[in-house]
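Please look over the structure below and try each question before reading its answer.

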Amino acid sequence: MSQSYSSRHSDNRVGPTADKMSPSVVESQLQELQQRSAGQEALTLEQCRSLKPDDMARRFFHSVREGNSDQVSLLLKCNSSLVSKLDEQLMSGLHYAVKCNRVDMVSLLMQAGANVNIKGREGSRPIHVAANFNQSDALRELLNSRRTRVDATDDRGQTALHVACRRNHEPSVKILLSHKANSQLKELDGTSVLHLPSRRNNLELCQMLTTDTGLITCKDKYGVTPLMVAAAEGSEDLLNYFISVCKKTTHGAAGRILDMQDSEGNSSVHFAAKNDKFLAIEILSEHGVNLDLQNLEQSAPIHLAATLGHRESVAKLIHLGALPNLSDKNGRTPLHCCIIARQLEICDTLLLAGAQSRAADEDFMTPLHWACRRGLTQAARRLLRVDPGCLSLVDIHMRTGLHWAVLACAVDLVELLLAQAGDSDESANASDFHDKYPVHYAVEMNDSQLVRILLTHGADFHAVDTEGRTATQLAVKLGHEGLVRDICGLGQYIKRQALRHRDLRGVTSLLIAAEHGHTRVLHFLLEQGADFTAKDEFGRTALMLSCGGGHSDIVATMIDKGVDVNASDANRNTALHYACKHAGSSARSLELLLSNGAQLQQNYNGETPVDVAVLNNNGPAISLLFSDAYCDWVMSYRKDTGMSHMDILIQHSPQTALTILNRSMTKSGADNFEKNFMVTHNFFYLDPGPDDPASKPNRYLGLRTMVERQREDLLKHPLCAALLEYKWSFTRYFFWCDFFFYAVFLCCLTAFVADQGPLPISLVDANTGCRNTSSSGGSGQRQKLTNGRLILEKSVVIGFLCVRLVLEFIKLVFKRLQYLKNYENLFFVTLYILTFVFIYPPDSEPCIDNWIFGIFSVILAWCLLIFQFEHLPVTGIYSLMFQKVIISLVKVLLIFAFFIIGFGLAFNIGLVSQTPFKYPMYSILKTFDMTVGEMEFVTYFISGTSGRMQLALLVVFVIFVVVMPIGLMNLLVGIAVGDIEGISKEAGLRLVEIRINLVYEMETNLPRYFQRRLYRRFLQFYPNRTGNRLVEYMRPYGMQYRDWLQRCADDRAETTNEERLEAVEAAVQGLTILLKDIRQAVVH
């Protein structure tokens, strides 16, 4: 509690205006207040009962503070709960009575049943209030009650004794101790009652509390004892008293107590040194404290005093025998610490005490290194005066003091060090771990004065770092134009070497300026005669490097100088490649190159600048390259493989590909609603044709790339739809023909099986498997077919097989591994081989071995119809669903096959007497059959077994039912539902993919002649006419006229408007000449 309620309110109301009022005015206001108070005391019992609860409580607290016992008694009679009520300040009546030292009121409230231990604000109890305001009488009255808990705590864990000690209230402390207050209790933060007076140097109160070392060695949550507090405060009397108590009670173990450490390892002498209490240090030393005791950071008291600049404490510690060269955790001595903290006065004290100037920390930094790093000229001078040889010492990075002085830009210190080195240039030319010399660091700091000083003292200006760069190149890299000018002004030889020198990458100063975009530096170097045609070891010119960084100003300068814009580096990258590489750079450099004749070229990776821009997602470069000015030029370029840029656009930049598709559709006609309004589709970028370089060795079709990359938005484009529709218009005839022939093959094969039928077992020879015609039991032989219908059916099947096998062989020759990757091809080849074995020889009836192959042939023939139906719009999606489910089923069964084998062998052991389980193979097959629900539980597991074996089999059976029929079937249903749902979402894309693959397959299998005949680069149609397809208009005229009309449309589409105008003018001129000839003939 900081302030009483009455004083707080009186200060707010009267205090601020007391100086401005006359004494008479103040006296009249006091009389008015007394009259008002007297009027309040005159309340009767009836008036009290008529008061509102808030008014009654307010009068109650006021009466308690004023000590009006009658009024308080009257109010309590009206409302007895007021005795325990808290006001807005969380204070009860007992709190106020104790605070104002109203002893009679305290007694009255206690008799009225007030809770003497009631908690108020912050958990403060009445006993805390009495101790806080040193109200001795009220405190005695409270303690006379047995209900009062003398050691009760507030929210901070304080007892009344803690509060009294914090306030230095000795009377309250005496009263509390006389009532057996526990002095060993601690607050929540571990503070004891002795910590509090120790902070205020209250010797009397400490003597009152201390009888042994228990409290002196008591630690708070930070491990700090009252002894450490006394040492930090520097109280000589208190410190001597604590030490004397320790000596009396510990019998010679006082040294151990004096050397106690807190949670950070600091002892009492650390606290004294940290707070510059040198007298406390002397007292502690006299009683045997360890002056070199180190904390957790291994810092001794002298380290702390040196760091904080406590000169007298350092001197006292040294005088008392502290070690001046003791190292901390980082290997630093007190001399290091004072220099790092810039405490120069301590430096002299330590040097006089014998501190080693060559002592090195864990980074091998000596005090001179730190003085140079901090730029402390005076400290360096003192260190060099003591030991001049420390100038040549190096740290862990092999840096001398001169390196650090240059990095600190301390000109005076650099001159001092160079002067100390004398005529020797060894110090000025010492390199560090990175092979950097002091002159390099002077350039990095952009300090031309330091550069001149170093050169004057013999620094080698041509020294290079680990990258082979001189100081000049380093200045160019950092863009220090003024420094570069100063260096070049030092002489012709230095300038010549600065312009010609190459680093380890073969880069000159000009190339460095171009790479980092320092335009002003580059112009200066060009003025000085730098070679702008120089290349580095990778063949890169200044133009390439500036393009790579997007420095358009330097690009323009290089082009003005006449640098070849089409020159390539060692990897055949041109300036265009570099300009297109960085996505963050603007397109200004690229535009400059294109406007000055830059050409598209491929590098050794087969990438053009367009490829580089697309792969690096360089939006500005892509926008420029495919703008109206350069789009046709870019798209007409062919790579070494014959491919255009359309393929990479589809793969990595679909938005740009969409733009190209939009430009491939041109419209003619003033009004879109006219009958003659025409739309021309240019398919060249999607299908360059069979003779285009892009189609060698394999025919290129952009639609296939869209399918592979799942570019559904591109596939929905009208141009793609028109191309697919056009190709399907003739491909479907091939498809239906193929489907027809396969259907004929299937029908003939089925009819042959149905008509011929397998031989009865009684007519089959057991040895040969053929018909047994001998009645004497001789061996059977193949019989010739005599039925003409069977011969016809078999001939049709054989003819179909011969043609298909030849075609499949041709595909295998041309496609090789691509052919084998398609599992449909493998299925069909297997079908043809099985069927061929089934019907061979062609003129005889099949034997039993032929019929075995026929079983699988018929199954495959009918099942492979699913691949035919997947090309149809109506049934295609269901065919895909079935294929997907079958693939998932096979994958699952590969895993569950282990379970089937395991259960099958288990059933073979227990049910060996049963026929289905007699052999392991039969048992496994029967187990597979049981998986689908054919259990026959009673037959096999109840009737066929007994005893312990039956019990074991029942356990296995239960596990089998849970794992196989239930688990497997639920898993398969879930997988099938997921597969079907996935295919349904991608149904449109998958059907388009199937159709595109079929179109591509059909077209590429045709000879080149037919591919050329079917290829169309342009396709025109009139959307506002009745028929929307060109084929519908050309149907009445025959094939030749249709081809001629199409070629005319192609020629018109390829002819520009200017060419058409010239052709019309030529035709008009020809007609004019012809008309003149006719006139002359008529005249004559």
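**Questions on residues and helices**

Q: At 24% relative accessibility, what does N134 count as?
A: Buried means under 20% relative accessible area, exposed means over 50%, and partly exposed lies in between (1.4 Å probe, protein chains only). The relative accessibility of N134 is 24%, so this residue counts as partly exposed.

Q: What kind of model is this?
A: Residues are numbered from 1 along each chain as its sequence is written, and side-chain values use heavy atoms, with hydrogens and water left out. Local features need pLDDT of at least 70, side-chain atom pairs count only at pLDDT 80 or more, and totals for chains, interfaces and linings use all residues, since the model is predicted.

Q: Where is N134 found, and what is its phi near?
A: Helices (H or I, at least four residues) and strands (E, at least two) are DSSP runs, numbered from the N terminus. N134 is in the loop between helix 8 (126–132) and helix 9 (136–143). Most residues other than glycine have a negative phi. N134 is not glycine, yet its phi is positive, near 55°.

Q: Which loop residue has a phi near 65°?
A: The residue lies in the loop between helix 25 (377–386) and helix 26 (401–407). The positive phi near 65°, in a residue other than glycine, belongs to M398.

Q: How many helices and strands does the protein have, and what share of its residues is buried?
A: The protein has 60 helices and three strands. Of its 1084 residues, the buried share is 46%.

Q: What share of the accessible surface belongs to carbon and sulfur atoms?
A: Accessible areas come from the Shrake-Rupley method with a 1.4 Å probe; for residues, only the protein chains shown count as cover. The surface of the protein comes to about 54400 Å², and the carbon and sulfur share is 54%.

Q: What share of the contacts with a separation of 6 or more joins residues 24 or more positions apart?
A: Contact means heavy atoms within 4.5 Å. Among the contacts in the protein with a separation of 6 or more, this share is 69%.

Q: Why is helix 30 described as roughly parallel to helix 33, and at what angle do they cross?
A: Axes are lines fitted to C-alpha atoms, for helices over the stretch in contact, and angles run from 0 to 180 degrees between N-to-C directions. Angles under 35 degrees count as roughly parallel, over 145 as roughly antiparallel, 65 to 115 as roughly perpendicular and the rest as oblique. The axes of helix 30 (residues 471–478) and helix 33 (residues 509–516) come within 8 Å and cross at an angle of roughly 20°. That angle makes helix 30 roughly parallel to helix 33, as it is roughly 20°.

Q: Which residues of helix 33 meet helix 30, and what is the hand of the crossing?
A: Helix 30 contributes T472, Q473, V476 and K477, while helix 33 contributes S509, I512, A513 and H516. A crossing is left-handed if the near helix is turned anticlockwise from the far one by less than a right angle, and right-handed if clockwise. The crossing of helix 30 and helix 33 is right-handed.

Q: How do the residues of this contact of helix 30 with helix 33 divide by class?
A: Ala, Val, Leu, Ile, Met, Phe, Trp, Tyr, Cys and Pro count as nonpolar, Asp, Glu, Lys and Arg as charged, and the others, Gly among them, as polar. The contact of helix 30 with helix 33 has three nonpolar, four polar and one charged.

Q: Is Q473 buried or exposed?
A: Q473 is found in helix 30. Leaving aside neighbours within four places in sequence, Q473 is in contact with G468, H501, R502, D503, V507, T508, S509 and I512. At 0% relative accessibility, Q473 counts as buried.

Q: How far apart are the axes of helix 36 and helix 38?
A: Helix 36 and helix 38 are roughly parallel to each other, and their crossing is right-handed. Helix 36 (residues 552–560) packs against helix 38 (residues 588–595) at an angle of about 20°, with an axis separation of 8 Å.

Q: What is the C-alpha to C-alpha distance between R1017 and D687?
A: R1017 lies in the loop between helix 57 (1008–1014) and strand 3 (1018–1021). In sequence, R1017 and D687 are 330 residues apart, whereas in space their distance is 7.7 Å.
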